[in-house]
Amino acid sequence: MTVVFPVDRPSPFDPPEDLRRWREQAPLHPMSYPGGHEGWLVTGYAAARAVLADPRFSSRLENLRWPIAWEGLDPDAFVQPPGFFLQLDPPDHTRLRRHLSAQFTVRRLNALEPAIERITAQALDAMEAKGAPADLVQEFALPVPSLVICELLGIPYADRDRFQRDSAAALRVGSTKEEVTTAMTSLFGYLYELVGAKRAQPADDLLSGLVTGGELPAEEITGMAMLLLVAGHETTASMLGLGTYALLEHPSQLAALRADPSLWDGAVEELLRHLSVAHLGPLRAALEDVEIAGRTIRKGQVVTLSIPAANRDPERFDDPETLDVTRPAKTGHLAFGHGIHQCLGHQLARIEMRVAYRALFDRFPHLRLAVPPEEVPMRTDMTIYGVRRLPVSW
């Protein structure tokens, strides 16, 4: 049976029902892509982890030919800038990631935690001052990670409207090639100028560290900055909004966290596993014939991995369809990926979520939805899933 990637979800917090049904049949399925390409869909945890760890699968854009599983997405829309190492293989990926890893030091992350607490408190102060009802996405879930990534990279937060607009256009499934090109060109040009300013006047931030290292050209530093900026605020913002919605709709889980705040570390991991905001992908292309889960993926075929389906696999997780904040913290979920492309900022994202969720529910112990649950609009047209708006009162 050949399948087509499903998009309809049975609830705001669950993956498409077809993914669960197909996973019960087999962890790997032949899949048809728009345009006639025949590839594979991975829904099982072990198979997904195997693909992500196997160097015989490529992330390079030219190998993928961008056969995205969504109707309406221009396959030529994305043009890869220099330094955008998410879609590179070793040795290029290794070289760029090594430079960036050197900047994600324990010292820098430890120094950021007080700033994250300050940023979170200021966002809550502003939301409280404006009064209820409020859109939690615009007042809290989006500003907090945006400010944190600005603090990390050394980007003026006053420019947030520009980079948030450009990153949203680049990630929107229905964006045309012209819209994506315009957004990417705008963002690249802005960050290229900023890299030049850091070269003239470096500061104690990640971009300055890359610049003063002296080994990377400005174009590659700019592409790396684009990747960090887009990934660093879109994914965490989606998790803060969707995670808050999920906890409000699962009051027993929120009550458990209020009764025992030490559960928050595990709760963050469980929300990451249960919600898995990577709506589509990642993608990999076979560089040679590879056998996965008893099936042969032929050289050149593209594999789409469903992280939401893999993170609900009963072969790996007990009672996986249930949101359980008491689940052990280190569950091995794939929300941050696995292998050489595992999210470099995963520890920063964990700190942000732990601080932000706890501060939000401490500040507003009676936080609740201001609209019926069915009226909360979802980001079903984005490659990163979440809530578009979350009206709340307190």
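Biologist: Which residues lie nearest the centre of the largest pocket?
Modeller: The model is predicted, so local features require pLDDT of at least 70 and side-chain atom pairs pLDDT 80 or more, while totals for chains, interfaces and linings use all residues. Residues are numbered from 1 along each chain as its sequence is written, and side-chain values use heavy atoms, without hydrogens or water. On a 1 Å grid over the protein atoms alone, a pocket is an open set of points where a 1.4 Å probe fits, with protein on both sides within 12 Å along at least five of seven lines, and a lining residue has an atom within 4 Å of a point. The largest pocket is lined by 16 residues, and those nearest its centre are V137, Q138, L142, A168 and R379.

Biologist: Which element gives the most residues to the lining of the largest pocket?
Modeller: Helices (H or I, at least four residues) and strands (E, at least two) are DSSP runs numbered from the N terminus. Two or more lining residues come from each of α6, α8 (160-171) and α11. With six residues, the largest contribution to this lining is that of α11.

Biologist: What volume does the largest pocket have?
Modeller: A volume is the space filled by probe spheres set on the grid points, which are joined across faces, edges and corners. For the largest pocket this gives about 350 Å³.

Biologist: At which residue of α5 does the kink lie?
Modeller: Helix α5 covers residues 106-130, and its 25 residues reach 36 Å from the first C-alpha to the last, close to the expected 36 Å. That expectation is 1.5 Å times one less than the number of residues. A bend is the angle between axes fitted to the seven residues ending at a position and the seven starting there. In α5 a kink of about 30 degrees, shortly before the proline P114, lies at E113.

Biologist: Which elements do the buried residues of α5 pack against?
Modeller: Buried means under 20% relative accessible area, exposed over 50%, and partly exposed in between (1.4 Å probe, protein chains only). The buried residues of α5 include R108, L112, I116 and M127. With contact taken as heavy atoms within 4.5 Å, they pack against β4 (134-135), α6 (136-141), α7 (143-153), α10 (206-213) and α15 (346-363).

Biologist: Are E270 and R327, which form a salt bridge, buried or exposed?
Modeller: The closest N and O atoms of E270 and R327 are 2.9 Å apart. E270 lies in helix α13 (residues 264-275) and R327 in the loop between α14 and α15, so the pair ties together parts 57 residues apart in sequence. As for accessibility, both E270 and R327 are buried.

Note on methods:
Salt bridge = Lys/Arg side-chain N within 4 Å of Asp/Glu carboxyl O.
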